[in-house]
Amino acid sequence: MSASVSLGRLTSRAFKASLVSRRATAASGLDVLTAPSTPPEDRPAPAAEPHAVADEPIAVVGIGCRLPGAVRGPGDFWNLLVKGTDAITSAPALRRPAFCTASPEEPLRYAPTGRRGDFLDGVGSFDAAFFRIPPHEAAGMDRRQRLLLEVSHEALDHADIVASSLAGTATGVFVGIPSSEYDRPTARSTGDTDAPGFLGGSPATAANRLSYLLDLRGPSLAVDSACSSSLVAVHQACRSLHAGESDLVLAAGVNMLPPSVAGCSGGTGIPTPNERLLAVEISAAGTRRCEGCVVVVLKRLCDAQRDHDRVLAVITASAVNFGGRSDGLSAPDPEAQQDLLRGAYRRAGIDPSTVDYIEAHGGGTHLGDPTEALALEQVLGAGRADDQELLVGSVSTELGHLEAATGITGLVKTVLALAHRTIPPSRHFSAPTPYLDLGTAHLRVCTSAEPWPRYSGRATAGVSAFGSAGTNAHVVLREAPTTGSSTTAGPPPETGPSSVCTLP
């Protein structure tokens, strides 16, 4: 006999079978059992359909971030950017044993590759009770899912949005997340994996779990396009807001690495021997892998102004394309990147020659950096006055390459720069790659903090991310408007409201 039939006989009421699956606890089920029956004609009408505003700018109203260098929020991140704090550390000791016991070869692999890198601290700590997740289920969760839940709550705090107020609303979740490497050693003994363990290790579940716990009704999906994943997630989030299927969106990127492949050399085939990723730099010799989680809260600008939200910056357009059949699957195509940039600024209605700053992908490779710089020269460098150089930087030079979270980390860096009205420096830059004449291209790497030049009268920037298999993304940003009912004056607070759940 089904549970719903048994309940019906006990209470003399009819219940759908879905009642049992939808009520996670006895208390929530009791609420339904004891509530009086409501005739259909007396039930409230469903909420009105979200409205579509195809050309409305998208407001960034909240930020959450957990990054190497003890970054636990936008204030910490800005301090790291302007003060040049070194985020490179030794691999946390507590994370090493799990990856060095699977086979005799593991310690040998770890020794040259995991000594130094951009690691997060405290990833093993998680307040499962706060999120009402049973201990056995939490134990089987990918660490990235745990991190995403925590940082998403911190982003909502920063936006001054009560998480519980979003229940039942058209709030979307778009997460850039690759297949898991961090928990791969654990997966070697998963012959008896149960349902919670299966869902806990699936990247696709990351967005869904956040939507489930907050009872959200908007789109919820994971995006994996390699290194462009999180910026593609932002693009999809903006499209969802423009289409009216979401009224608020959490867009995110998360990346974690096992010590056996992390660090400053080895594991990727494109190592950097000097510990640093040096974008558009003559000494560039490869990448340095990094981990972290970044979340932004997005709304249509008209809605943010109506709700008197603090607007940090606005997204005026975004674009995504593929590199086509280039010299190889992982080889970037300069024409595709140029097409991407032209399309993004055409949609934004902005003359590319008036853009102030570009947050470059900056992979630190001999092929990728010159290709990206050439695209910038052809599209944004053309037609510039000699005294209006395009300023260029990359967060990768400070933190390393965050892979799936790279794009959204660069976006948040740029949002903070717009809000603080200052372009932070790209440290460790000495001379440009020999494959590019920055002067002729009208490009200049920022080596010290400087104010926005505002060539068009309004601070304007772009952020790029390129996937290793060919998916390219670009987002166009402008400083928050100075009129309207939203709060836009001054930089964001150094820290948001107190975090509801903080890792020790």
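## A network of salt bridges

A salt bridge is counted here where a side-chain nitrogen of Lys or Arg lies within 4 Å of a carboxyl oxygen of Asp or Glu. In this predicted model, the count by that rule comes to 16 salt bridges, and a network of them links D247, K299, R300, D303, R306, D307 and D309.

R306 forms a salt bridge with D307, their closest N and O atoms being 2.9 Å apart; here R306 counts as exposed at 51%, whereas D307 is partly exposed at 33%.

## The sheet

Eleven strands form an open sheet of mixed pairing, in the order β5-β4-β6-β7-β1-β8-β15-β14-β9-β10-β12. Its edge strands, each pairing on one side only, are β5 (220–223) and β12 (443–445), and neighbouring strands are turned by 25° against each other on average, direction ignored.

Strands β14 (residues 460–466) and β15 (residues 471–479) pair in the antiparallel sense over seven bridges, with S464 standing opposite H474 in β15.

## Helices and an edge contact

Helix α7 (residues 143–158) lies across β1, β4, β6 and β7, running at about 130° to β1, while helix α13 (residues 368–381) packs on the sheet and touches β9, β10, β12 and β14.

A salt bridge of 2.9 Å, N to O, joins the side chains of R444 and E389, where R444 belongs to strand β12 and E389 to the loop between α13 and β10, 55 residues apart.

Terms used. Residues numbered from 1 in each chain as written. Predicted model: local features only at pLDDT ≥ 70, side-chain atom pairs only at ≥ 80, totals over all residues. Heavy atoms only, no water. Pairing = 2+ DSSP bridges. Helix = DSSP H or I, 4+ residues; strand = E, 2+ residues; numbered from the N terminus. Axes fitted to C-alpha atoms, helices over the stretch in contact; angles between N-to-C directions. Contact = heavy atoms within 4.5 Å. Buried < 20%, exposed > 50% of the residue type's maximum accessible area, 1.4 Å probe, protein only.
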